[in-house]
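Subject: Structure handover

Hello,

Here is the structure we talked about passing on. Please open it next to this message; my notes follow below.

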Amino acid sequence: MCGIIGYNGKKPCVDLIYSGLQKLEYRGYDSSGVAVLANDKINLVKQKGKLSHLLPFLGSLPQDASLGMGHTRWATHGVPSTENAHPHGEERVSIVHNGILENYNELKIKLLEKGQRFLSETDSEVIVHLLHDELEVVADVRKAILNIVDKLQGAYALGIMVHDHPDDVYVVKQASPLVIGVGEGENFFASDALALLAHTKKFIFLSDGEIARIGKDGVEIWDFYGAKKEPNIVTVDSSEASLEKGGYRHYMLKEIYEQPTVLANTIQRMVCKDQNSFDEKLLCSDKINLTNIRKVHVVACGTAYYAGMMGKYILEPKLEIPVEVELASEFRYRDSFIDDKTLIIAVTQSGETADTLASIKHAKSKGCKTLAICNVPYSSIPRECDATIYMEAGPEIGVASTKAFTSMVLNFYLLGLAWGQRMGTQSQTQLQNSLESLVKLPSLIEQALSHEALISEIAGSYFEDHHCLFVGRGHQYPIALEGALKLKEISYIHAEGYAGGELKHGPIALIDRSMPVLAIAPPLSDYEKVISNLEEIYAREGRILGLGLADDQKLKALCSHVIPCPFIDDPALQAILCSVPLQLFAYSMAIHRGTDVDQPRNLAKSVTVE
Ligand code: F6R
């Protein structure tokens, strides 16, 4: 949440910062600002609203400035407004902040008592005043920053410019992401390496508790105790092209269509050519001895949590050990029964989700082994975990997660096969059957995608509804939850997912003509039970939208419409397949309603605050 970017070099930086902010807009888009140090002063523009609202004001900044920073905000303290937009401070000190200061109120009270005047409602502004005061007594900027950092509690990635030190910009990282881009005669910083790929492939991923001085010709790093650290420069092999929309109307649509390729690549990467063994990376054997594990606990948030639920359905029968799944925001504060024989699996697209990260730290303090399933290399959660399975799904920019979800589920599936083989809980025949089904998956997803026009037409009959229930059983139950989440996120229609068997226990009271029910009904072993649920809804004059075989006559008889979905004889892989038309359905509903698909209101892609 919130994106920050900065530059110190020899080029004019206003446009460079703005185009970096465009790549970070997925992190927050309620206001933005740019500050540059030039003509012996800090020059600042800020604006409420989307980043494009800032564009007309950039011309008032000195265009030859070559040191500056920008920010795109997701409001936590204080409404979205020009005053609350970052950067804060315009006289001696200017800062951009991503994170939350937990003790800002007590710091603010003290500063107010000293006569400081606040121009915003943000927590971040206290940093400006603290640093301003500290620089009155400590001339060395790094030391002054370290002194104030001592007073801050919470999460912060900071960019700091000081007017009378025009050669350097400083950055600080504590529990919020920050990366330094290393160039020739120029250096950068940002919340995400993606924003800098147009300029460099060389990065320094700062650790928590580090401060860096970023000059034109070099970068120096210290820890919060003042000890100098050797920068560890890594090369990130990702292309700018992956950040474009590639001719699609929205990132979300592009990412939905990337799924056959992403999943095919993963299968190819993870299943060895002999079709009888798996890439060692899946088993993380150099880091974790999986044969010692007696229990798995999956922790995640949002869509990743639903992928984690799928993980439970997939892993438990394949491994014959208990698998729990829990929201990271609950797990981190709960006194759960976990020990050194427990494997905690953190599922996360971004690798930065604050609750998931805190859960891993909590689990480590209890001696658990930790594994991440993650999409973003060098992000915080993989760095905290004993081992990581990288999804390699490519950047996901649309705020609503799509390809990352199916990729997470596929990685659980592959982990289950590989680990089950290692434990001897998967017979050779089971393994062969799974692998045979697996290779069919990408082309079946392509088939599912071919119904986009029909799905859009069907959505035309539902987009004016205010509510929608999603129903599924077994492996399709987490998919019902995920389908409902997708719909509410981008169309703002109230949607809930239920297990079919739960309908009678309450939700059936909601059924009437204004409550469409989307029923996930592929012909799996529990098909007849799903049909019974639908009979009950039909008998109460409910409107049913089915998801199943195009020529399923029983389903057609009960449903107002049927969204076609191909069939695969494996409930976990069927769940991956079923999630694709549901993504298209949510997308089409949003298009019909005219909402902002890629940047839905109130949301941001990377939830780095609690
Ligand atoms: C929903 C969505 C969110 C994320 C959640 C966790 O479409 O994207 O619910 O799944 O915020 O994010 P990660 O996976 O980055 O930990």
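Why does Cys565 count as buried? Cys565 counts as buried because its relative accessibility is 5%, and buried means under 20% relative accessible area, with exposed over 50% and partly exposed in between, for a 1.4 Å probe and protein chains only.

Some background on the numbers. This is a predicted model, in which local features need pLDDT of at least 70 and side-chain atom pairs count only at pLDDT 80 or more, while totals for chains, interfaces and linings use all residues. Residues are numbered from 1 along each chain as its sequence is written, and side-chain values use heavy atoms, leaving out hydrogens and water.

Cysteines

There are 0 disulfides in the structure, a disulfide being a pair of cysteine sulfur atoms within 2.5 Å. Cys565 is in no disulfide, and the nearest cysteine sulfur, in Cys578, is 4.0 Å away. For Cys374, the closest cysteine sulfur belongs to Cys385 at 8.6 Å, which is too far for a bond. Cys374 is also buried, because its relative accessibility is 0%.

The ligand

Around the ligand there are 15 residues, and those that come nearest are Thr348, Gln349, Ser350, Thr353 and Glu489; a residue is near a molecule or strand if one of its heavy atoms lies within 4 Å of it. Helix α8 (302-319) and helix α15 (476-491) each give at least two residues to this shell. The largest share, 3 residues, is from α8. Helices here are DSSP runs (H or I, at least four residues), numbered from the N terminus.

- Lys486: a polar side-chain atom is 2.8 Å from a ligand oxygen.
- Glu489: a side-chain N or O atom is 2.8 Å from a ligand oxygen.
- Ala304: a polar backbone atom is 3.5 Å from a ligand oxygen.

On its own the ligand has 410 Å² of accessible area, of which the protein covers 89%. Accessible areas come from the Shrake-Rupley method with a 1.4 Å probe.

Leu584

Leu584 lies in helix α18, residues 571-593. Leu584 is buried because its relative accessible area is 0%.

Regards

Note on methods:
Polar contact = N/O pair within 3.5 Å; in protein donor to acceptor, adjacent residues only side chain to side chain.
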